[in-house]
Amino acid sequence: MVYEPKVAAAAYAIAAVLDRIRVGTVPSGAARDIFRQQAATLATSLAARPDAWPDFYARLVDADPEQVARGVYAAIAMGWSEKWR
């Protein structure tokens, strides 16, 4: 998983979004949706199924930047399970 360039890029994007949320350059009203978008990107990158992005986004409704690990783990679990379907 760590050798997949798209997965690594998605992880770095999540870190960048979280940094921007913490310093306040992302409006608080948009933070949750932006984090959810990046989590969906992580899942689709891991699954190697970019066409599934809308489905992952819909399923990651609970992704919350206040509970980063939970959202990231959910995205990884979804992506990994879809990869081997």
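This note goes through helix packing, a few individual residues and the aromatic rings of a predicted model.

1. Basis. The model is predicted, so local features need pLDDT of at least 70 and side-chain atom pairs count only at pLDDT 80 or more, while totals for chains, interfaces and linings use all residues. Residues are numbered from 1 along each chain as its sequence is written, and side-chain values use heavy atoms, with hydrogens and water left out.

2. Helices α1 and α2. Two packed helices are described by the angle between their axes and the distance between the axes. Helix α1 covers residues 5–23, and its axis is 8 Å from that of α2 at an angle of about 170°. Axes here are lines fitted to C-alpha atoms, for helices over the stretch in contact, and angles run from 0 to 180 degrees between N-to-C directions. Helices (H or I, at least four residues) and strands (E, at least two) are DSSP runs, numbered from the N terminus. The two helices α1 and α2 are therefore roughly antiparallel. The cut-offs are under 35 degrees for roughly parallel, over 145 for roughly antiparallel, 65 to 115 for roughly perpendicular, and oblique for the rest. Residues of α1 that meet α2 include Val-7, Ala-10, Ile-14 and Ile-21, and among their counterparts in α2 are Ala-31, Phe-35, Leu-42 and Leu-46.

3. Helices α2 and α4. Helix α2 (residues 28–47) packs on helix α4 (residues 68–83) at about 30°, with the axes 7 Å apart. This pair is therefore roughly parallel. Its crossing is right-handed; a crossing is left-handed if the near helix is turned anticlockwise from the far one by less than a right angle, and right-handed if clockwise. On the α2 side the meeting residues include Phe-35, Ala-39 and Leu-42, and on the α4 side they include Val-68, Gly-71, Ala-75 and Trp-80.

4. Leu-42. Which residues does Leu-42 contact, leaving aside neighbours within four places in sequence? They are Val-7, Ala-10, Ala-11, Ile-14, Val-72, Ala-75 and Ile-76, where contact means heavy atoms within 4.5 Å. Leu-42 belongs to helix α2 and is buried, at 5% relative accessible area. Buried means under 20% relative accessible area, exposed over 50%, and partly exposed in between (1.4 Å probe, protein chains only). From C-alpha to C-alpha, Leu-42 is 7.5 Å from Gly-79, although 37 residues separate them in sequence.

5. Ala-31. This residue is also placed in helix α2. Ala-31 has 6% relative accessibility and counts as buried. Apart from residues up to four places away in sequence, Ala-31 touches Ile-21, Val-26 and Pro-65. Its C-alpha atom is 8.4 Å from that of Asp-64, which is 33 residues away in sequence.

6. Gly-71 and Val-68. Gly-71 is buried at 5% relative accessibility, whereas Val-68 is partly exposed at 22%. Not counting residues up to four places away in sequence, Gly-71 touches Phe-35, Ala-39 and Leu-60, and Val-68 touches Leu-18, Arg-22 and Phe-35.

7. Ala-48. Most residues other than glycine have a negative phi. What is phi for Ala-48? Its value is near 60°, which is positive, and the residue is not glycine. Ala-48 sits in the loop between α2 and α3 and is exposed, with a relative accessible area of 57%.

8. Aromatic pairs. The whole structure holds 2 aromatic pairs. One of them is Trp-53 with Tyr-57, which is stacked, at 5.0 Å centre to centre and 15° between the planes. Rings of Phe, Tyr and Trp (its six-membered ring) pair if their centres lie within 6.5 Å; planes under 30 degrees apart count as stacked, over 60 as edge-to-face and the rest as tilted. Both residues are in helix α3 (residues 53–59), 4 residues apart, or about one turn of the helix. Trp-53 is partly exposed at 28%, while Tyr-57 is buried at 18%. Trp-80 and Trp-84 make an edge-to-face pair, 6.0 Å centre to centre with 70° between the planes. Trp-80 is partly exposed at 40%, and Trp-84 is exposed at 59%.

9. A charge over a ring. Arg-36 lies over the face of Tyr-57, 3.8 Å from the ring centre. The criterion is that NZ of Lys or CZ of Arg is within 6 Å of the ring centre and within 35 degrees of the ring normal.
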